[in-house]
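Open the model in a viewer and keep the selection tool at hand.

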2 protein chains.
Amino acid sequence: MRWARIEVAGKVYFGIIEGDSVKIVDGDPFEGYRETDERHALADVKLLVPVVPKTFYAAGLNYVAHVEEQARLHGREINLPKKADVGYRANNALIAHGETITLPRDVTEKVEYEGELVAVIGKKAKNIAETEALDCLLGFTIGNDLTERSWQKEDRTLWRAKNTDTFSPMGPWIDTDAKLQGMETIVKVNGEEKIRFETNNMLFSVQHYLSTISKYIELQPGDVFWMGTEGDSPNLIHGDVVDIEITGIGTLSNPIAKEN
Amino acid sequence: MRWARIEVAGKVYFGIIEGDSVKIVDGDPFEGYRETDERHALADVKLLVPVVPKTFYAAGLNYVAHVEEQARLHGREINLPKKADVGYRANNALIAHGETITLPRDVTEKVEYEGELVAVIGKKAKNIAETEALDCLLGFTIGNDLTERSWQKEDRTLWRAKNTDTFSPMGPWIDTDAKLQGMETIVKVNGEEKIRFETNNMLFSVQHYLSTISKYIELQPGDVFWMGTEGDSPNLIHGDVVDIEITGIGTLSNPIAKEN
């Protein structure tokens, strides 16, 4: 089952995707819903960010080759994280599938994608074991954690490097059936494959992150966990289109434009 | 004018405080409202967090003595930040005035308050000058940025140290008339004054932060900026009550309890 959040004639709805169309519901997948008879062609509706989270968690350094690449870039020793210390991103940066990533005038050439699996919390959870962690999920979506690497080096926090407006595309929808096992992430720029990796080959698993965090924090319906990325990225420029495909979910695609 | 967010008979409203009572409005102070005839004694309603922000910004190291104290604690050299690099906190940790700060079983003795001025954004703002920055505010409220200092040293991020559930009391309301000039912050534990400082004596002013951030990020109605704290704190324990008073706004008061 695939949940989309859509805009039709200026109004916002949740809908269930059925082939090339979307069936509108009353309510939402978190608090409860009732299917309606209203149905639109997917091509006729505007896809929105599939959920606006109460809290936007990000796993950060969670794949080996990415940690190595970042250490090299920042001139640091390679230190694999020893614990699942989660970070945070900011809702202001979220945009939907198809929307434009806008680069401020003063970005350097070091603008990179990070293709990430996103776990979407479906119900409240506190103190959950790893074995039951996936039960609290509604499903998975896809994130692109755009990063300006020179700002990442220069600033004390990631506020500009990762949270500039439009730097967090998320979507296109939430898939409730996608399975971690065998999942692959494939990133293309202008249709050309740049990286392909086993999505679930993480330093700390989705289950481990959720269980660890939930010891201190009650997970809430609609919270999202961006699970980190593998490898590195070429420099992105005005006119590029980045596609992030994850097995069983779909493809998140966003064009890039630089401000005049 | 003082804006409260309240719960009455299980429903959530915004209201305007008039003396010891609160007048309910239809709508909210951000998108527009209409006053109603419904009025309740303040003592009869439950105060909620005055706004649930879309994005929860935190200034971090923004007062000289606090930077010095943190450097000493972490065994680092004193480095005053050279730029207004903003951080983020998480909505999960927010609680209202009067609600209990719950310390997980495994906290060490190093639990501390941080009394902070909170600027609440009232309208969208992008690329604003410092001279016009205060015009985008609805007003000010008060925050207590509870911190577990041993976790702050131990973890790669601040997720547990500052964002454990209940670690971000905010309130009691938003004051639209409070003035930065002459403002004082006074923190008391169990009624005894522990620190008093000039609220506006910041490394980087509210105006500078808002102007700087808005070059990359469109500020949104309801976003909050926690402006950092001065000095240090005694260790807090089960049974303590922390009061943070800021001139012209009011007092945010929360008891502390440790989990059994």
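Select A:T166, which sits in the loop between α3 and β14 of chain A; helices (H or I, at least four residues) and strands (E, at least two) are DSSP runs, numbered from the N terminus. This is a predicted model, in which local features need pLDDT of at least 70 and side-chain atom pairs count only at pLDDT 80 or more, while totals for chains, interfaces and linings use all residues. Residues are numbered from 1 along each chain as its sequence is written, and chains are lettered from A and ligands numbered from 1 in the order in which they are written.

Is A:T166 buried or exposed? A:T166 is buried, because 21 other C-beta atoms lie within 10 Å. The cut-offs are 20 or more other C-beta atoms within 10 Å of a residue's own for buried, 12 or fewer for exposed, and partly exposed in between, with C-beta atoms placed from the backbone. The phi of A:T166 is near 80°, a positive value in a residue other than glycine. Most residues other than glycine have a negative phi, and most peptide bonds are trans.

Next select A:N127, in the loop between β11 (115-121) and β12 (137-144) of chain A. Its phi is also positive, near 55°, and A:N127 is not a glycine. A:N127 is exposed, with 9 other C-beta atoms within 10 Å.

Now go to strand β14 (residues 168-175) of chain A, where A:P172 is placed. The peptide bond that joins A:G171 and A:P172 is cis, with omega about 5°. In chain B, the bond from B:G171 to B:P172 is cis, with omega near 5°, and B:P172 lies in strand β14 (residues 168-175) of chain B.

Stay in chain B and select B:A125, in the loop between β11 (115-121) and α2 (130-133). B:A125 is buried, with 22 other C-beta atoms within 10 Å. Which residues does B:A125 touch, not counting those up to four places away in sequence? They are B:C136, B:S214, B:E218 and B:L219; contact here means that the C-beta atoms of two residues, placed from the backbone, lie within 7 Å.

Helix α5 (residues 206-213) of chain B is the next stop, and 6 of its 8 residues are buried. The buried residues are B:V206, B:Y209, B:L210, B:S211, B:T212 and B:I213. They pack against β6 (56-58), β11, α2 and β17 (224-226) of chain B.

For the core, select A:V118, A:V120, A:F225, B:V118, B:V120 and B:F225, which touch the most other members among the 142 residues of the largest nonpolar core. Such a core is a set of buried Ala, Val, Leu, Ile, Met, Phe, Trp, Tyr and Cys residues joined through C-beta atoms within 7 Å. Leaving aside neighbours within four places in sequence, the contacts of A:F225 are A:Y57, A:A59, A:V118, A:A119, A:Y209 and A:L210.

Among the bridge partners are B:I17 and B:V22. The hairpin of β2(B) and β3(B) has 2 residues between the strands, and B:G19 in the turn has a positive phi of about 65°. β3(B) also pairs in the antiparallel sense with strand β4 (residues 32-41) of chain B, over 7 bridges, and a hairpin joins them through 3 residues.

Finally, show both chains. Chain A can be laid on chain B with an RMSD of 0.0 Å by a turn of 180° and a shift of 0.0 Å along the axis; the superposition is by least squares on the C-alpha atoms of residues with pLDDT of at least 70 in both. The two copies are thus related as by a two-fold rotation axis. Select A:Y88, the residue of chain A that comes closest to the rotation axis, at 3.4 Å (C-alpha). The contact between the chains takes 24 residues from chain A and 24 residues from chain B. α3(A) gives the most to the side of chain A that touches chain B, with 3 residues.

Technical notes:
Two strands pair if DSSP finds at least two bridges between them.
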